[in-house]
Amino acid sequence: MLFNSLEFIFFFPLVVALYFIINPKYRWILLLVASYYFYMCWSYKYIILIAFSTVIDYLAAIMISRAKKKSSRISFLMFSLTTNLGLLFFFKYWGFFGETANYFFDRFNIFYQVPIYDYLLPVGISFYTFQTLSYTIDVYKGQCKPEYNFGKFALYVSFFPQLVAGPIERSSNLLPQFHKTFTFNYERIKSGILLMCWGFFKKVVIADRLAEYVNLVYNDIDHYHGLPVILATVFFAFQIYCDFSGYSDIAIGSARIMGYDLMTNFRRPYLAANIQDFWRRWHISLSTWFRDYVYIPLGGSRVAKWRWHFNLFLTFLISGLWHGAEWTFIIWGALHGIYLVFANITKDQRKWVNSGLGLTKHPLLHHLLQVALTFILVLFGWVFFRANNTADAITVLQNMFTWNAAGTINLFRIPSDLYIALSAIGLLFFIEILEERMQLYEKLTLLTRPYKWLILILLILTIFVLGMWEAQDFLYFQF
Amino acid sequence: MSEKALRWIINIAGVVCLYLFLAVRILPLFNGILLEKYIPEYWENTQWGELYYFNFIKTFQEKNLPECHTKYRFSNRHPKLQDADILTFGDSFFDFSRMTTFPEQLGDSLNKRVYYARMDRPLKYLADSNYQPGPKRYLIFETAERFLHFRFEQAQDTVFYQDNRAGIRKLAANVRDVIFMEDQELKYSQLLARSYFSTQAYSAISTLKFNLFGQITNQTPAYKVDGEIPWLFGALQLGHEQGGFYWEAPHEKIVNYCDNIELLSKELRERYNLELVFMIIPSKYTIYHYVVGDDGKKYGNFIPKMYAELKKRNIPVIEVYDEFMAQRKEKLLFYGTDTHWTEDGLHIALNKTLNLLHTLPVDSYYTQAPVPEVKNGVLTN
C-alpha cells in the first residue's frame with residue numbers, strides 16, 4: 001500500500017479511530033494486524049519473509065541473552081546475521097552477482113552459468129532487515145534487552161508507518177514505546193497531521209511532478225542535450241529528496257498521531273555546507289546505522305590515517321550497494337566515499353585557499369559558496385544514482401555540456417507544470433531556510449487559531465489541486 | 001478546536017472509512033453512495049461520454065448524447081449460442097448501446113439470429129460453453145485497434161484447464177482475493193469521483209485545475225475544447241507503444257499477429273465448423289487526429305498493414321478504415337468524449353459487413369436475400 005494512495009488515505013483514519021477506541025492493552029494487536037495487512041496489500045506471499053525474520057531474530061535475541069559462553073552468544077548472533085543477510089542477498093543481490101560472475105565465466109571460457117531467478121524484490125526488505133539486524137546486534141552488545149513479547153517484537157519489525165521505507169528504527173527507541181500507553185493528545189495529533197500534509201505536499205506536488213521530466217530525459221538520454229539534461233539532474237535532486245523525505249514525514253507524522261516518536265530522517269540536506277554535513281542531514285537513520293554497525297566496528301577514525309580513510313570509503317561503498325544491486329549505486333557510494341576522504345586530506349589546503357581568497361572575511365558568502373559547491377558535488381553523484389546504467393550516466397555527463405539550441409527546455413506534457421514545479425521548489429527552499437534559522441513549527445503554534453486553520457486548509461487545498469494523484473511508487477521502495 | 005471535537009472528527013472519519021473499506025468489497029454498499037450505479041457489465045452506460053469519467057472536467061460533459069439501451073446480450077431478443085446463425089465476438093464496440101448494437105442491427109438486416117459475447121478468447125469461450133459444431137457458420141471477431149496486440153501477440157490457447165481446486169482451497173482463495181483486492185485503488189477512486197457526497201467537489205477541483213493550469217489526467221492527454229463539441233482522446237490510442245497511433249508497426253509484428261489470427265481461424269474451422277471474419281475498428285485518434293492539430297504523417301499504418309497481411313492469408317476481413325477516413329469530415333463517426341463510434345460509424349461497419357458476407361462463397365445461407373443497405377440509420381432493401 002502506498003502512502004499516496006486512496007487505499008492508505010481511507011485505511012489510516014480507520015486504524016487511528018480504532019486505536020483510540022480499543023483498550024490500550026490490546027492496541028499492539030490492532031497495529032500488528034494493520035501492519036501485516038498494509039504489507040500484504042502489496043504482496044501477501046512475501047509476508048512470510050517478514051514473519052520468518054521475526055521468528056529468527058526473536059529467538060536469536062533470547063538465546064543470546066541467555067547464553068553463558070561468549071562463543072554461544074557469537075553463534076546465535078551469526079545465525080541471525082547469516083539468515084537475515086542471506087535472505088537479503090538472495091532476493092536483492094543474487095541476480096547482480098550471478099550475472100557478474102557469468103560475465104567473467106564467459107570471458108575466461110569457464111563453462112558454468114550461475115542460475116538467475118526471476119522474482120520480485122520484496123518491498124522494504126533492506127529496511128526491515130537492517131532494523132532486525134540492529135536489534136540482535138544491540139542485544140549481543142548488551143545495549144538493549146531482548147523482547148519477550150513475541151507480538152510486540154513482531155510489531156517492531158513490521159510497524160506499518162516505517163515498514164517499507166524507514167526510518168530504520170533502533171530497538172532502543174521504538175520497542176519500549178510499544179509498552180507505553182498513549183493517551184489521546186490533541187497537540188501531538190495536530191502536529192502529526194501537519195507533518196503528514198507537508199509530506200504529501202513534497203511527494204505529490206513536487207516529487208511526482210518532477211518525475212515526469214526526469215524520466216523523460218533519463219530514459220531517452222541520447223535525445224537530450226544541454227539545459228534539459230542539467231535541469232533534469234537538478235530536478236532529480238529535488239525529486240528524490242521530496243519523494244523520500246516526503247515518505248519519512250508521512251511515516252513520522254502518522255506514527256506521531258498514534259503517540260509514537262520515530263527518528264528524524266532528513267534535516268534540510270541541501271543546505272549542507274560540506275559532504276560530511278550532508279550525511280548528517282540525509283537519510284539519517286541509515287547513515288547512523290552504517291556509522292554504528294559498519295564504520296565504528298571497522299575502527300572508525302581511531303586508527304591509522306590510511307585505515308580511517310579506507311573505513312570511510314568502504315562504509316560508503318557498502319552504503320551504495322545497499323541502495324541497489326547495480327554498478328551505478330556502487331559508483332555513487334564510492335563517489336561519496338572519495339568526497340569525504342578528499343575533504344579530510346585537503347582540509348588544511350582548503351583553509352589556506354579560503355583565506356587566500358578572502359572568503360574568511362565574508363562568512364555569509366563563504367557559507368553560500370560552500371552550500372552551492374556541496375550541492376554540485378551531490379548533484380554529480382545523483383547522475384549515477386538515477387541513470388539506468390553506467391553507460392547512460394556517462395552520456396548524461398557528456399550531453400550536459402553539448403548544446404542543442406533547437407531543443408525546448410520545458411519538456412512537461414502540461415506546460416504549466418514547469419512553473420508549478422519551480423514555484424513549489426522555491427516554497428520548499430523558503431520553508432527550509434526558515435526552519436534552519438528558527439523552530440518553524442513552534443512559531444506556527446504561536447499563531448492565532450484562524451491563521452493556523454488557514455495554513456492547514458491552504459496546504460490541503462494545494463495538495464488536492466496541484467497534487468499528481470495518479471499514484472507513483474516511492475523511489476526508495478526499490479531499495 | 002477542542003480535544004473533544006477532534007476526537008469526534010476522528011471517530012466519524014473512522015466510521016466513514018470503515019464504510020468505504022467495506023463498500024469497495026460489497027456491491028450494494030458500493031452502489032449505496034454512487035450517483036450512477038455500478039452494474040457489472042453496464043459501467044459504460046452513463047450520462048456522459050466514457051472519457052469524461054477519466055477526468056471529471058465539466059468542460060467535457062458532452063451534450064445531447066443518446067441514452068443507453070438495454071444491452072442486446074441481456075435482452076430477450078438475444079438467441080442462445082447453439083441456436084445462432086451468426087456469432088459475433090468482440091469488445092465494447094459491439095456492446096456499445098447508445099444505439100441499437102451492431103450484432104442486433106446485423107441480425108435485423110439479415111433476418112438471422114445473431115449471438116454476441118464480449119470477450120477476447122473465442123476458443124476458450126466456445127469450449128467453456130460446450131459449443132457443438134453444426135452447419136457452417138460465420139464468426140465475426142471484432143477488435144479495437146489498440147487491443148489487437150493484447151489478443152494476438154501470443155497464439156490463443158487451444159488447451160483449457162478446469163479450475164480443479166478443492167472447495168476449501170477455492171473458498172480460501174476467494175476470501176483472500178476479497179481482502180487483498182487488486183483493484184481496490186480503482187474502486188476507491190470511483191467512490192471519490194462518483195459518490196453523492198464528493199462528485200461535485202471532485203469535479204469542481206478537476207475543472208479548476210484544468211481552467212487555471214491546463215491540468216488534465218494523462219489518461220486523456222489530447223483534447224479540444226473550442227469547437228462545436230468537446231473532444232477527448234484516450235492515452236492508449238496515441239502512444240508510441242503497440243496499439244498506439246505512432247507505433248511503427250514493424251512487419252515482423254504484423255506477421256506475428258496474422259499468424260496467430262490464422263491459427264485461430266484454422267482451429268475454429270476444424271473444431272467448430274466456424275468461419276472467422278475479422279474486423280478491426282480504428283481508434284478514434286487514428287481517424288480524428290487532425291482535430292487536435294496532428295497531421296497524421298506519423299501514423300504507423302497499422303490497420304492497412306494488417307489488412308494486406310490478412311488478405312494474403314485469405315482471411316475475410318471487414319475493411320472499415322478507408323471508409324472511415326473518407327467519411328470522417330462529412331459525418332461524426334465517433335463521439336467527441338467517448339471512445340466509441342456513433343451510429344454513423346456503426347453503419348459504415350455494418351454495410352461493409354453485409355457486403356462482405358454477401359460475397360463470401362461458402363454457403364448460400366447468407367446470400368438468399370439481397371444485401372440491404374443502411375442509410376441514415378434506416379434499413380432499406
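Student: In this predicted model, how many residues of chain B are in contact with chain A?

Tutor: Two chains meet here in a predicted model. Chain A brings 24 residues to the contact. The number from chain B is 27.

Student: Which element gives the most to the side of chain B that touches chain A?

Tutor: The elements that give two or more residues to that side are α1 (3-23), α9 (184-194) and α10 (199-213) of chain B. One of them gives 11 residues, the most. That element is α1(B).

Student: How do the residues of the side of chain B that touches chain A divide by class?

Tutor: Take the charged residues of that side of chain B: there are 5. Polar residues number 8. The nonpolar residues number 14.

Student: Where does chain A divide into domains?

Tutor: Chain A has two assigned stretches. Domain 1 covers 6-181. Domain 2 covers 188-466.

Student: How many Å apart are the C-alpha centres of domain 1 and domain 2 of chain A?

Tutor: The two domains touch: domain 1 of chain A gives 20 residues and domain 2 of chain A gives 19 residues. Their C-alpha centres are separated by 27 Å.

Student: Which elements each supply at least two residues of the side of domain 1 of chain A that touches domain 2 of chain A?

Tutor: By class, that side of domain 1 has 11 nonpolar, 7 polar and 2 charged residues. The elements of chain A that each supply at least two of its residues are α1 (6-21), α4 and α5.

Student: Are α4(A) and α5(A) roughly parallel or antiparallel?

Tutor: Helix α4 (residues 70-107) and helix α5 (residues 125-141) of chain A have axes 10 Å apart. They pack at an angle of about 170°. Angles over 145 degrees count as roughly antiparallel. So α4(A) and α5(A) are roughly antiparallel.

Student: How many residues of the contact of α4(A) with α5(A) are nonpolar?

Tutor: From α4(A), the contact includes L77(A), L81(A) and F91(A). From α5(A), it includes I125(A), L133(A) and Y140(A). The contact also has 6 polar and 2 charged residues. The nonpolar count is 8.

Student: Is K92(A) buried or exposed?

Tutor: K92(A) sits in helix α4 of chain A. Burial needs 20 or more other C-beta atoms within 10 Å. K92(A) has 20 within 10 Å, so K92(A) is buried.

Student: What separates the C-alpha atoms of K92(A) and G324(A)?

Tutor: Along the chain, K92(A) and G324(A) are 232 residues apart. K92(A) touches A325(A), and also L121(A), I125(A) and S126(A), leaving out residues up to four places away in sequence. The C-alpha atoms of K92(A) and G324(A) are separated by 7.7 Å.

Student: Which residues does V214(A) touch, not counting residues up to four places away in sequence?

Tutor: V214(A) is listed among the residues with the most contacts inside the largest nonpolar core. Beyond four places in sequence, V214(A) touches A232(A), F235(A), F236(A), Q239(A) and R386(A).

Student: Is H283(A) buried or exposed?

Tutor: H283(A) is in the loop between α10 (275-281) and α11 (284-295) of chain A. Its phi is positive, about 40°, although H283(A) is not a glycine. With 22 other C-beta atoms within 10 Å, H283(A) is buried.

Student: What is the phi of N273(B) near?

Tutor: N273(B) lies in the loop between α11 (251-272) and β6 (274-281) of chain B. N273(B) is partly exposed, with 13 other C-beta atoms within 10 Å. Its phi is positive in a residue other than glycine, near 60°.

Student: Is V225(B) buried or exposed?

Tutor: V225(B) is in the loop between β4 (222-224) and β5 (231-233) of chain B. V225(B) touches T59(B) and P230(B), leaving out residues up to four places away in sequence. V225(B) has 12, so V225(B) is exposed.

Definitions and conventions: Residues are numbered from 1 along each chain as its sequence is written. Chains are lettered from A and ligands numbered from 1 in the order in which they are written. This is a predicted model: local features need pLDDT of at least 70, side-chain atom pairs count only at pLDDT 80 or more; totals for chains, interfaces and linings use all residues. Axes are lines fitted to C-alpha atoms, for helices over the stretch in contact, and angles run from 0 to 180 degrees between N-to-C directions. Helices (H or I, at least four residues) and strands (E, at least two) are DSSP runs, numbered from the N terminus. Angles under 35 degrees count as roughly parallel, over 145 as roughly antiparallel, 65 to 115 as roughly perpendicular and the rest as oblique. Two residues are in contact if their C-beta atoms, placed from the backbone, lie within 7 Å. Ala, Val, Leu, Ile, Met, Phe, Trp, Tyr, Cys and Pro count as nonpolar, Asp, Glu, Lys and Arg as charged, and the others, Gly among them, as polar. A nonpolar core is a set of buried Ala, Val, Leu, Ile, Met, Phe, Trp, Tyr and Cys residues joined through C-beta atoms within 7 Å. Domain bounds come from an automatic or database domain assignment.
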